[in-house]
Amino acid sequence: MMDDEKDPNIEEGTPETPQAEATEAVTEETTAEETSTDETPVLVQQEAEPTAKIIRKDATKVNVLITEEVKEEGVEIDEADQSGTTGEGHADFNWNMTNRSAASRYTDQERADLEKAFDASMTNISEAEIMSAKVSSIIDGDVILDLNYKSDGLLPLSEFRDQPELAVGDTVEVYVEQQEDEKGQLVLSRRKAKLLRAWDRIRDSYANGTVITGRVVSKTKGGLIADCGGLETFLPGSQIDIKPIVDYDAYVGKTMEFKVVKINETIKNAVVSHKALIESDLAEQREAIIASLERGQVLEGIVKNITDFGAFLDLGGVDGLLYITDISWGRINHPSDVLELNQKVNVAVLDFDENKKRISLGLKQLLPHPWEVLDEAIQEGSTVEGKVVNIEDYGAFLEIMPGVEGLVHVSEVSWSNQPINAREYFTVGETKSAKVVTIDREDRKMSLSIKQLQNDPWDEITANFGIGSVHTGKVKNLTPYGVFVELDEGIGGMIHISDLSWTKRFSHPSEFVKVGDEIQTTVLEVDEQNRKMSLGHKQLEENPWDSFEGVFPEGSYHEATVLRKDDRGAIVQMPYGLEAYAPIKLMRKEDGTIAEVDETLTVKVIEFDRDSKRLTVSHSRYVNDIRKEAKDQVYKEQKEEREETRKVLKKTSSSIERSTLGDLSAFEQLREQLSGNDDDKDGDK
């Protein structure tokens, strides 16, 4: 058999120690010698810690092959004795030698130096960390990365789409997910490394104000989505620019710089701002502008925003507020009536606060005050024309020219003393003519009058509206105590609620008439000094109470219908349209219940007051009278019956007495006859 030819009879074993392995080898040799010295030699391989392969080439020679693990432990096995069959080749083998004893050939210092040198030659890698790796090769869509570790990393080329020019030798960052997987390979992630680095930059920007770069990828509700190093962030619409942005689509696809203004560590989300960068760039310019500001200084500004209360102007890096009251000397409803967005205007600096960075601006201050250039022809007594710009409860303001207004008090609207509602008489925007009553150019005040443009009708009140005259007027107002009627322009009077009807009583004038109705009246009284007039309506008819006294005397009975009632009493409708009052306790019926509304029943007049025109009635009194009358009738009938009975009895007694006496005389006559007959019979005998 050739020396390098492998014996087919090879056995493998795993002795626990080198000594056991050697013993097993000797035993096998002895057994082989006992059987036959010419048999084919047997190869025995034993695996242990360390592992060694023992190959027997012939009966007289044994070669021992040491594996790399045994060499690392410093174990050496000399070639066995070539005597082979006798086993004398193992006589010089140290059977007490172990791994530890083999390792003891290195001192502790030497071993420590060797381990330190070994560790220094390898990179210390920990899981969940970002490491730098060098591209060692790119093969078939895969990138092999060298981390100076015992194994290389492998990533698909698709994870490097952000580096289209990736080449061998480039250094990239990767995230270590596992040091070894089930195959012993290093598991890396380029995407996680990018996201973690992006989040670190975002946190740094939030903490230190550093600038990050991102690309706007899409539009969303209220803002934009920006990709900052692989991590999506939200850019609110109000943080895109210092001026309002309407078209968000114009920013999609643009690369912009941001500052992080808000982060959420839990969900790894962030809010960024481009406006903050612009504001920081303008900060120095703003400080310079504010430092050079002076009250009264005229600046040029651009209208950047318009609100209900004013407009914001860009003064070249700093904003100023132009209040609506400082836009025009005249009244305006909204700043947009005068200003437009992006309009350039010259304004005056009214006031500023260096600490709060607030600047108050004025536009009208660049023009002279209208009172200063008011026409001298406008004097007391002159007639002016103006537009109603404001209405208050006490009157209305007329704008004679922008910035010049006059007040028309409600007392100067009409000559009538009837109350005037300014909001019903005036309308904002309409034009009115008025007379100047007073004017004060220093205090810039003017009072106007509309009624003084007409003649005072009260100068001829007696001739046109004498006492007793009849007129038709229009109801202008109602109060709980009366009705105000306008008879002519500026002339009117009041009808008291008691003068509306002779026969009916009203709790409110609205039960008789409505605002806007026409009503016929007669003048009862005129007070020229106080410009008052008393009117009446019922006086147009004769006073029916003169004849009612004979129709409704006290104690008379009448049919009445209940019109209304309350806790105190009821109003009932009497004949001829007369209304009467009945206390509630006097409206109790015979069955004990109170009469209801619309119920018709008989009442008794218990009071008639002609002067107060008051009629009081009672149903209970009527019921009592009926009961008493019935009782009296029964008593009368009983009395008459008793009288009749007495007469009958008396007549009967007399008749009986006469009958009794007649019977006695008849009996006497009969007795006498009987006695005479007896005497005749005796004589015959």
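## A buried phenylalanine and its ring partner

Phe506 is buried, at a relative accessible area of 17% (buried is under 20% relative accessible area, exposed over 50% and partly exposed in between, with a 1.4 Å probe and protein chains only). This is a predicted model, in which local features need pLDDT of at least 70 and side-chain atom pairs count only at pLDDT 80 or more, while totals for chains, interfaces and linings use all residues. Residues are numbered from 1 along each chain as its sequence is written, and side-chain values use heavy atoms, with hydrogens and water left out.

Let's look at the rings. Rings of Phe, Tyr and Trp (its six-membered ring) pair if their centres lie within 6.5 Å; planes under 30 degrees apart count as stacked, over 60 as edge-to-face and the rest as tilted. That rule gives five aromatic pairs. One of them joins Phe506 and Phe512: the ring centres are 5.4 Å apart and the planes stand at 55°, so this pair is tilted. Phe512 is partly exposed, with a relative accessible area of 33%.

## Two tyrosines across the chain

Tyr557 and Tyr622 have ring centres 5.2 Å apart and planes at 70°, so they form an edge-to-face pair. The two tyrosines link distant parts of the chain, 65 residues apart: Tyr557 is in strand β30 (residues 557-565) and Tyr622 in helix α10 (residues 619-684). Helices (H or I, at least four residues) and strands (E, at least two) are DSSP runs, numbered from the N terminus. Tyr557 counts as partly exposed at 37% relative accessibility, and Tyr622 counts as partly exposed at 22%.

## Charges over rings

Here a lysine and an arginine come in. Lys254 lies over the face of Tyr251, 5.0 Å from the ring centre, and Arg331 lies over the face of Phe397, at 5.7 Å from the ring centre. A charge sits over a ring if NZ of Lys or CZ of Arg is within 6 Å of the ring centre and within 35 degrees of the ring normal.

## Two buried polar residues

His558 is found in strand β30 and counts as buried at 13% relative accessibility. A polar contact of 2.7 Å joins its side chain to that of Ser556 (a pair of N or O atoms within 3.5 Å; within protein, one must be able to donate a hydrogen and the other to accept it, and residues adjacent in sequence count only if both atoms are side-chain atoms).

Asp499 is placed in the loop between β27 (491-496) and β28 (518-527), and at 15% relative accessibility Asp499 counts as buried.
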